[in-house]
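Hi everyone, thanks for coming. Let's take a few minutes to walk through some charged pairs and a helix together.

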Amino acid sequence: MNSKDTRTQFLNFFKGKEHKIVPSAPMVIKDDPTLLFTNAGMNQFKEYFLGISQSKNSRVVDTQKCLRVSGKHNDLEEVGKDTYHHTMFEMLGNWSFGDYFKEEAITWAWELLTEVFNIDKDSLYVSVFEGSNDADKLELDTEAFKLWKNIVPEDRIIMGNKKDNFWEMGDQGPCGPCSEIHVDIRSKEEKAKVSGASLVNQDHPQVVEIWNLVFMQYNRKADGSLESLPAKHVDTGMGFERLCMVLQGVQSNYDTDIFMPLIREIEVITNSEYGKNEENDIAIRVISDHIRAVAFSIADGQLPSNTGAGYVIRRILRRAVRYGFTFLDTKEPFMFRLVNVLTKSLGDAYPELKEQKQLIENVIKEEENSFLKTLDQGLVLLDTIIKNTKGKTVDGGKAFELYDTFGFPIDLTALILSEKGYQLDEAGFDEAMQQQKNRSKSASVVSKQDWEILHEDNEQEFVGYDMLDVEVKITKYRKIVSKKDGTQFQLVFNLTPFYAEGGGQVGDKGYLEDSHGDVVYIIDTKKENNEIIHFAKNLPKHLGESFKAVVDKKQRSRTEANHTATHLLHQALREVLGKHVEQKGSSVHSKYLRFDFSHFSKMTAEELREVENFVNARIEGHLQLQEQRNVPMKVAIDDGAMALFGEKYGDAVRTIRFGQSIELCGGTHVKNTADIWQFKIKSEGAVAAGIRRIEAITGDAVKDFHIDNDMLLTKIKDVLGNTQDPVKSVSGLQEENSNLKKQVAELLKDKAKNLKGDLLSELKEVNGIQFLAKKIDLDASGIKDLSFEMGNQKDNLFLLFGSEQNGKALLSCYISKELVASKNLNAGTIVRELGKYIQGGGGGQPFFATAGGKNPGGIDEALTMAESYIK
Ligand code: ATP
Ligand code: MG
């Protein structure tokens, strides 16, 4: 069965059991401070497990793009070396939110695998949580054990420990026992020799876990204790690529139709062959895996960069490039050429790839180019390090520097060293790495207390589209401590007018006031697990009472003007530049807005002007806000609203319309475009290959901008002697300046000519050599010209000139070529030696060389010493 059909059958099987098929959440996570990438199917449903909100559907099925390269789940080092761990993979999952529990989960999983997919029952093993003797004191999962016993012989049920059979999302949060399903794909003969049961969870490449059924029944609290969740849930995850391996009867995920087309393309591009040599095979697997991770991230809007998620992506791409570089001898960008094949095989299931193919290719190609340059530089630096190494062990700290500041991969360093007969001081490297980790860890460490519940309230309501102050109650709060922000308190209200940071728009600020007149400032508002969290430096005194919650109106209205202007800017860019323009990032503040978009070239001054005019025309047109809440997604799209790649939308969306501009948007906006007052672009530039950035301002900021410019102009006029036409004055000055420069150059030439005559007459003969050592007032190039001209007129010349320019000393030595040969003189050696008098150094050719130094006081002494070279 091919992979496309496998995916569809999985979804349809659970659809038949009344599950709603939902789309994959983006792989790159934008609004969760605890997680950079989706690493399991359950991430997008956290809020339901935590009981923060209720899912509309209690049964859901999906396939989720996952990336396991950082944090608690990190498989990066395994990838390529084994045949069943990927960085990016698809996780198939069925979900019950407080609906069915272990019985259905187990029975259906078995039915799907053995009756729909027809996997041989005798090749399957299942595991059950055996309980734990530690502080948690958990019992054997007898419920799951009994259920499995009804289905499989007892010797196929394996007791699993906490590490394998108790699933936890992180240090805190929902968790519970799980049952895994493992499959043994070895040959009959091998199975006869060694039992599959003994190989389960032993990292055997042909006895692998394919499905994990997690039974969420606890919440792990901050103090480490467990409490029962009010409702029990099912969270399952099956590795799609592993399932396809089993169903396609192959021994490696890479031999499936998911990876084979990529591998074939790599073979062609790199002129290599898969399956001939383990080192090459690893490289080919790494590349075919990493291209997926990188392409999907870019499609989700995450570009490679120097920080956060972008840095993780950059490192993955570099790892692949480096494997190609070392093992497949690729010295030119090549990864970008794989995007075509990838798009062909996954573009139907994930249209974001297809629609952004060009952009993905551009970004990857540029990134490859710059890394290849880094590799070149790194190789040179490594050579220097080796040259300066005494003995045969290269300092680990130096290697770390190369890795840390230049991005030069450490395994490549080790490889090159061993090829040259050196070794790497690995302990030193590890220590330097550890020190750096400790530094960054202590900077970001956050401790969170458990929530203190004040009022039970099942769902918090956001009322800030319509109201900016409203009476609220605090439903829960907790203390958090981080090195960066110190102690803060997080507050959740029963309802709130505060907008939480999201969709590019900053969070609201404001204050809480109680009936005693006590005030606590809200310094920021953010979302966590879809819950609006208010940040305060202090805790209100009368926690249980009601408060007036007031949003800072000025900041809010300026931010709104910038948000609406962003929509108009988006529309303008698509009108002026074309429909290829897509939003790639947006950041809306009270003082400015920033907008990233796909476009291939620098915008011209005319285009910028046109875009500005387009937006300002709509501001002058006094367009009224038309807002619709809870519109079905499909209706909104049919209306012309554009969904952005990498954003998560619910079934019902909010649309914001100003004239012809329609966007899906959760942000806050002006009531009428007239409130924006005016729009001005401040800058336009590149952020990456094919991605541009505009920064712009609106309202008062434009006024201030013009006032500042006006003041600047007044000052300029003033400096130019109160001219009415500064452009004319400056052009006049420029012309005058260039004429003067020409005159000075002429004068200098004359001076040099006269000087030459004088100097030739000053030559003195020493041992048959025409000798002169003298201090003159010319710059380096003047002295050089002069020396060579004198050389043209006189043979057997030895000149040493000293000069002082801007407080620095210069020595310059000229020796006729015939002298160099006959008297074995070398200007380079001479200036290097004389350089010590002027506290400097230099070098050059045997017939001409210069030295610079910081001590002009030593010039005379150097000149005196010159004669000793020819005596
Ligand atoms: P393993 O022990 O094989 O690393 P896991 O215990 O980390 O697996 P889970 O976190 O339970 O796996 O994830 C659920 C399923 O996702 C697994 O049963 C497996 O089929 C699949 N899976 C997990 N990690 C990867 C990966 N890196 N690449 C491909 N599939 C994976
Ligand atoms: Mg794992």
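**Salt bridges, outside and inside**

Let's begin with aspartate 329, which is exposed, at 56% relative accessible area. By exposed I mean over 50%, while buried is under 20% and partly exposed is in between, using a 1.4 Å probe and protein chains only.

Before going on, this is a predicted model: local features need pLDDT of at least 70, side-chain atom pairs count only at pLDDT 80 or more, and totals for chains, interfaces and linings use all residues. Residues are numbered from 1 along each chain as its sequence is written, chains are lettered from A and ligands numbered from 1 in the order written, and side-chain values use heavy atoms, leaving out hydrogens and water.

Which residue does aspartate 329 form a salt bridge with? The partner is lysine 331, with the closest N and O atoms 3.0 Å apart. A salt bridge here is a side-chain nitrogen of Lys or Arg within 4 Å of a carboxyl oxygen of Asp or Glu. Lysine 331 is partly exposed, at 44%.

Now look at arginine 556 and aspartate 508, whose side chains meet in a salt bridge at 2.8 Å, N to O. Arginine 556 sits in helix 17 and aspartate 508 in the loop between strand 19 and strand 20, so this pair ties together parts 48 residues apart in sequence. Helices (H or I, at least four residues) and strands (E, at least two) are DSSP runs, numbered from the N terminus. Buried or exposed? Arginine 556 is buried, at 2% relative accessibility, and aspartate 508 is buried at 2%.

Finally, shared partners join Asp134, Asp136, Lys162, Glu168 and Arg220 into one salt-bridge network.
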